[in-house]
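Please look through the structure below before reading on, and keep it in view while the text leads you from one part to the next.

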Amino acid sequence: MNNAVYNFQLPENERIYDYLKGSAERVALDNELKRQATEEVEIPLIINGKEIYTGVTQNVVMPHNHSVVLAKYHMATEKEVKLAIDSAMNAHKVWSNLAWTVRASILLKAAELMATKYRALLSASTMLGQSKNIFQSEIDAVCETIDFLKYNASFASRIYQIQPKSAFSQLNRMEFRALEGFVFAVSPFNFTSIASNLNMAPVMMGNTTVWKPATTAILSNYYLMKIFMEAGLPAGVINFVPGSGPVIGNEVLQSKDLAGIHFTGSNGTFNHLWGTVSQNLPNYKSYPRLVGETGGKDFIFVHPSADAYEVAVNAVRGSFEYQGQKCSASSRMYVPKSLWPSIKKLLVEMAEDIKMGDVMDHKNFMNAVIDNKSYTNIVSYIDYAKSSSEANIIAGGTYDDSVGYFIRPTIIETTNPRFKSMEEEIFGPVLTVFVYEDKDLDRAIELCDTTSPYGLTGAIFGKDRVALASLCDKFRYAAGNFYFNDKPTGAIVGLQPFGGSRASGTNDKAGGEFNLVRWVSPRTIKETFVSPTDYRYPYMME
Ligand code: NAD
C-alpha cells in the first residue's frame, strides 16, 4: 500500500578516507590491488541480466604498465545491440511503473555496498584500469559515485513533490512519466562515477538504458554493473554493452524507441550523435532528449592582486592531477607580467618535483595517460610547442611509453595568446601560460573569454574583491563552473552542480534536479468535478 508522501533528506557527502600508511582502509586497498593485478578477468556483455560471450574480444591493460593484461572483454555485434534494445524496452514496462521509492532504495543500497563491501574493489579496479592514484580514485570511483546515487534519490523526491494548483471544482495533478522508450548511456573513460550516473540518473526516474561504456574503463564499469545487480536492479533495466562506439551507436540511433541520450565525452563524439539523431528525426516516436557534457579548455585568470603561491599550488593541482585528464583541468593560464617571475619560479619547482609512476606506489602524484592514442595526441602538442618560435617549454616536455604511457607535467609559455595549445583541448598534463602586460588587463579578459570554443570551468585569482566581482561578471558565459581563488577542478555532487555551456555541453548539471527532469515526461491530469450543462457562455445571454 502506497499511502504516504515520502521525503528523502539531502544526504551528507561520502567521507573521503585518508588512506594513511598502516590504516585499515590502506591495507584493504593494497591487498585488493595485489589481487586484481595478478588475475585476468573475462568480461561479458550483460543483457537482460544474462552474461553473453560473443567470442570477439579485446584486452584491458594497465596504462602505467601496458604489458600487464587485467581483463579481456567481449564486444557486441549488431545482434547483441538489438537484443539490448529489446531487453531495455521490455524491462521498461515493469520498472517505469514501480513505486519510485523502490527504485530509490535500490540506488541507496548500491551506494551502501560501494561505501563498505566493495569500496576497495571499485577503487582498485579504477586505479589499475584507468591509472588513478589512491586519492583520485577515492574521490571519483568511491565518493562521487556514492554521492550521485544518494543525492539523486533525494532530488527525485523533490521533483515528485512538484504539483500544479487546483482551482474551483477541479483537481489537477502531474504524473512524472519515464520517457517513452529507452535511454542510450554513453560514458567516458575518465570518471567511474560518471559512468554510473549516466545510467542511474535516468534509471532513478523510471527509465531503462542501453549502456556503452568506454573501452578503457571497462574493468571498473563491469564491477559497477555487478554491484547494481547485487543491489536489486532487475534484469534489463541497464544493459551493459561494451564494444565499438560506431557499431553500437549506429544500431542504437536507428531505433524508433530511442528516447534519450545521456552522454559524457568529447565534443566531436557528441556532435556526431546529435547530427545522426537530427537526420533520423522523422523515424523516432518522440523527440529524443539529448544531454551531453563534453570537453573543456579551462582557464586560470590571475589578477595583479593575486598571491603567487596560491596561484602556483592550484595551477599544479588543477592542471596535473589525474594527468590533466579531467574535463575541468586547467590547461591555459593568463598571468600579469608583474607576478610572472614569482609564479613561474614556483610553478617550475613544483612541476619538476612531481613524482610519477605506478599507481601501487602511493608516493606518486601522477600516473600514466590512458592509452597509446591519447599519448600520441598529447605528445604531438608538446612537439609542436618545441618546434615553435612562439613557445617555450619551461617545465617537463619529456615522455616515455616503454613501460607505461608516461608524460611529464609540461608547462608551455607562449607569446601568442591564440597559440594552438591555448585553444584546443589536449586532455593531458599540459598547461600553457600567456603573460599579459598589467595595463592590458581588459584585453587579456577578452582574449580569455574568446580564445576557445568551450565554456566549462574557469578560475580567477586575486585579493581585490571588487576586481574579482568585475571579472566574474565579464566571464559570465566563459564557464558553467566558476571558482574564486581555487583550482577549477574537484566539483562535489550537491555542493557545486557540474556542467558548462558553449561547446562544453548542454549544461544539465549532473547530480541535480536539472539533470533529473530531463528524464521525465510529465503528464498533467485534470479532473473536473461538476461539468457545465450549457455549451453557451454567460456573456452571450441578452
Ligand atoms: P570520447 O568522446 O572519445 O568517448 C566517449 C564515449 O563515446 C566512449 O564510450 C566511446 O566509445 C563512445 N563513442 C565514440 N564514438 C561513438 C559513436 N560513434 N557512437 C556511440 N558512442 C561512441 O571521450 P573520452 O576520451 O572517453 O573522454 C574524454 C572526453 O570527455 C574529453 O573531451 C573530456 O573533456 C570529456 N569529459 C567531459 C566531462 C564533463 O562533465 N563535461 C566529464 C568527463 C569527460
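The paragraphs that follow go through the domains, the interface between them, the ligand and the salt bridges.

This is a predicted model, in which local features need pLDDT of at least 70 and side-chain atom pairs count only at pLDDT 80 or more, while totals for chains, interfaces and linings use all residues. Residues are numbered from 1 along each chain as its sequence is written, and side-chain values use heavy atoms, with hydrogens and water left out.

The chain is divided into domain 1, made of 24-294 + 505-525, and domain 2, which covers 298-484; these bounds come from an automatic or database domain assignment. Taken over C-alpha atoms, the centres of the two domains are 31 Å apart.

Where the domains meet, 27 residues of domain 1 are in contact with 29 residues of domain 2, contact meaning heavy atoms within 4.5 Å. The size of an interface is often given as the accessible area lost when the parts come together. Here the buried area is about 2200 Å², and carbon and sulfur atoms give 60% of it; the term stands for the accessible area (1.4 Å probe) that two parts lose on being put together, summed over both. His 64, His 66 and Phe 189 supply 25% of the area that domain 1 buries against domain 2, more than any other three residues.

Across this interface the rule finds zero salt bridges, a salt bridge being a side-chain nitrogen of Lys or Arg within 4 Å of a carboxyl oxygen of Asp or Glu. Between the domains there are, however, 14 residue pairs in polar contact, both residues at pLDDT 80 or more; such a contact is a pair of N or O atoms within 3.5 Å, and within protein one must be able to donate a hydrogen and the other to accept it, while residues adjacent in sequence count only if both atoms are side-chain atoms.

The ligand is surrounded by 28 residues, and the closest are Ser 187, Ser 266, Thr 269, Thr 294 and Glu 425, where a residue counts if one of its heavy atoms lies within 4 Å. A polar side-chain atom of Thr 269 lies 2.7 Å from an oxygen atom of the ligand, and a side-chain N or O atom of Glu 425 is 2.6 Å from a ligand oxygen atom.

The structure as a whole holds 25 salt bridges, including one in which the side chains of Glu 513 and Arg 158 meet at 2.9 Å, N to O.
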